[in-house]
Amino acid sequence: MFLSYTNARARFALAAALMALPVSSALAHGFAGQRFFPATILTDDPFVADEMSLPQISVNPPGPDGARETDIEIDLAKRITPDIGVTIRDQWQRLQPTGLPAVTGLGALQTGAQYQLFINGPHEALGLLGLNVTWAHTGRVQALGAPDFTTLSPTFDFGKGLGDLPRSLPYLRPFAVTGNLGFDFPTKTESAGVPNPNNFNYGFAFEYSFPYLQCCVKDIGLREPFNRLIPLVEVAFTTPINRVSASQTVGRIQPGVIWAGQYFQIGAEAILPATRLSGHGYGGVVQFHIYLDDLFPRSIGKPISEWW
Amino acid sequence: MRRILTALVASAAVLGAAPSAWTHAFLDHASPAVGSSVPASPPVVTLWFTQDLEPAFSNVTVTNDAGQRVDLSNAQIPQGSPDELQIGLKPLTPGTYLVSWHVVSVDTHPTEGTFTFEIKP
């Protein structure tokens with residue numbers, strides 16, 4: 001990720017980078033005991049899965065220099081074995097700098113490898129180790145600020161439902177949190193004079209599950225579509241840990257709601273910059289997310305190791 | 001922002017046309033209702049799911065505060081109601097009871113859950 005403010009080019013690069021925070025869109029959904037975790041939009045999910053986001057459309061808030069970007073993204077997650085998965089993601093971008101013609105093109109290709117570290121049903125807890133790679137020269141480097149260097153990003157993703165709280169606290173039990181902790185290690189220390197720092201990435205999704213309330217705590221009479229809604233707030237930040245000042249943290253806050261259905265889910269969130277350097281105003285994102293394991297439970301929805 | 005609103009409207013349209021069942025079998029509702037208080041001991045606990053169940057791999061138990069089984073160990077999926085799971089109960093005294101279920105849907109996805117109901121004194 002670019003984080004520099006020394007010249008116009010650097011600001012342009014920052015604006016582009018802000019549109020693709022490394023703790024970006026999630027790919028997985030899953031279960032831990034009776035807890036259903038939906039796929040979240042901003043933060044990665046702590047699951048390997050067979051799923052696809054097609055599409056995810058983001059209208060981002062204006063960057064610090066006023067540039068505005070619209071993204072159309074496709075994500076695919078596939079299990080190799082029940083505990084090992086891979087991901088691939090790319091996006092088409094339209095960047096409208098202030099006072100300049102709009103530019104369009106592909107962003108950097110991102111891939112990931114994941115290992116399901118644990119799933120604890122009774123405590124509704126899970127953990128996942130991942131290594132994401134953002135590949136050099138796979139997007140429009142000059143026009144859109146896509147990286148000319150590869151970045152390795154090891155991550156630890158986790159989830160925890162509060163269903164194991166005492167039953168005397170019934171209305172807290174539908175709460176859950178998922179989170180990502182990770183680092184970016186760019187393979188070049190600078191690009192065209194702009195430093196490429198190592199970054200610490202951290203993001204969380206705070207969810208209140210109406211499906212959980214209905215099935216496991218108290219049937220309050222919600223019916224469709226409300227019994228499938230999961231209101232949530234996602235936050236994600238990137239803090240440089242070398243080469244530039246740590247005060248140059250950027251981040252986002254995304255309140256919204258997810259509706260989870262039979263074969264797919266739909267999510268919609270507002271996008272709010274979390275720091276002055278993250279931009280201003282607001283944007284929005286919608287995601288149509290398909291559960292391949294539910295659509296094709298006996299074929300491509302299974303882990304590849306179980307195809308034969 | 002207009003594009004976002006358009007997308008939201010389109011999403012709502014899709015949502016309205018969505019199928020009514022989950023592929024994973026989730027608990028839709030139960031009798032006695034999840035978290036409810038009832039005035040007398042019910043003869044059975046009935047659970048309705050969002051997906052048809054595999055009888056060989058679906059079960060439910062009911063226990064009291066002490067963890068003792070109070071059901072009749074006769075869990076069954078009634079004929080003609082493949083999304084329903086029932087179990088008979090012994091006569092229950094006032095107290096709180098835990099229903100624990102574990103089912104496999106016809107497309108082989110397993111799910112599980114628990115809830116309580118209370119019999120008023």
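View 1. The model is predicted: local features need pLDDT of at least 70, side-chain atom pairs count only at pLDDT 80 or more, and totals for chains, interfaces and linings use all residues. Residues are numbered from 1 along each chain as its sequence is written, and chains are lettered from A and ligands numbered from 1 in the order in which they are written. β2(B) and β7(B) run parallel and are joined by two bridges; strands count as paired if DSSP finds at least two bridges between them. The open sheet holds four strands in the order β2-β7-β6-β4 (chain B), with mixed pairing. Because β2 (37–38) and β4 (59–63) of chain B each have a single partner strand, they stand at the edges and one side of each is left without a neighbour in the sheet.

**View 2. The three-stranded sheet of chain B.** This open sheet has the order β1-β3-β5 (chain B), and its pairing is antiparallel. β1 and β5 (84–88) of chain B are the edge strands, each pairing on one side only. Neighbouring strands of the sheet are turned by 15 degrees against each other on average, direction ignored, where axes are lines fitted to C-alpha atoms, for helices over the stretch in contact, and angles run from 0 to 180 degrees between N-to-C directions. Between β1(B) and strand β3 (residues 44–49) of chain B, which run antiparallel, there are four bridges. Phe49(B) in β3(B) stands opposite Leu27(B).

View 3. Helix α3 (residues 210–217) of chain A is largely enclosed by the rest of the structure, because eight of its eight residues are buried. A residue is buried if 20 or more other C-beta atoms, placed from the backbone, lie within 10 Å of its own, exposed if 12 or fewer do, and partly exposed in between. Among the buried residues of α3(A) are Phe210(A), Tyr212(A), Gln214(A) and Cys216(A). The cover over the buried residues of α3(A) includes β2 (35–37) and β14 (229–240) of chain A, together with β1 (27–31) and β7 (110–119) of chain B.

**View 4. Nonpolar cores.** The largest nonpolar core has 36 residues, and those with the most contacts inside it include Val45(B), Phe49(B), Val60(B) and Leu85(B). Such a core is a set of buried Ala, Val, Leu, Ile, Met, Phe, Trp, Tyr and Cys residues joined through C-beta atoms within 7 Å. The most to this core comes from α3(A), with six residues. Another core, of ten residues, lies apart from it and has Ala32(A), Phe36(A), Phe37(A) and Leu128(A) among its members.

**View 5. Contacts of Val60(B).** With neighbours within four places in sequence left aside, the contacts of Val60(B) include Val45(B), Ala75(B), Ile87(B), Ser100(B) and Trp101(B). Two residues are in contact if their C-beta atoms, placed from the backbone, lie within 7 Å. Chain B as a whole has one helix and seven strands, which run α-β-β-β-β-β-β-β from the N terminus on. Of its 121 residues, 27% are buried. Of the contacts in chain B between residues at least 6 apart in sequence, 62% join residues at least 24 apart.
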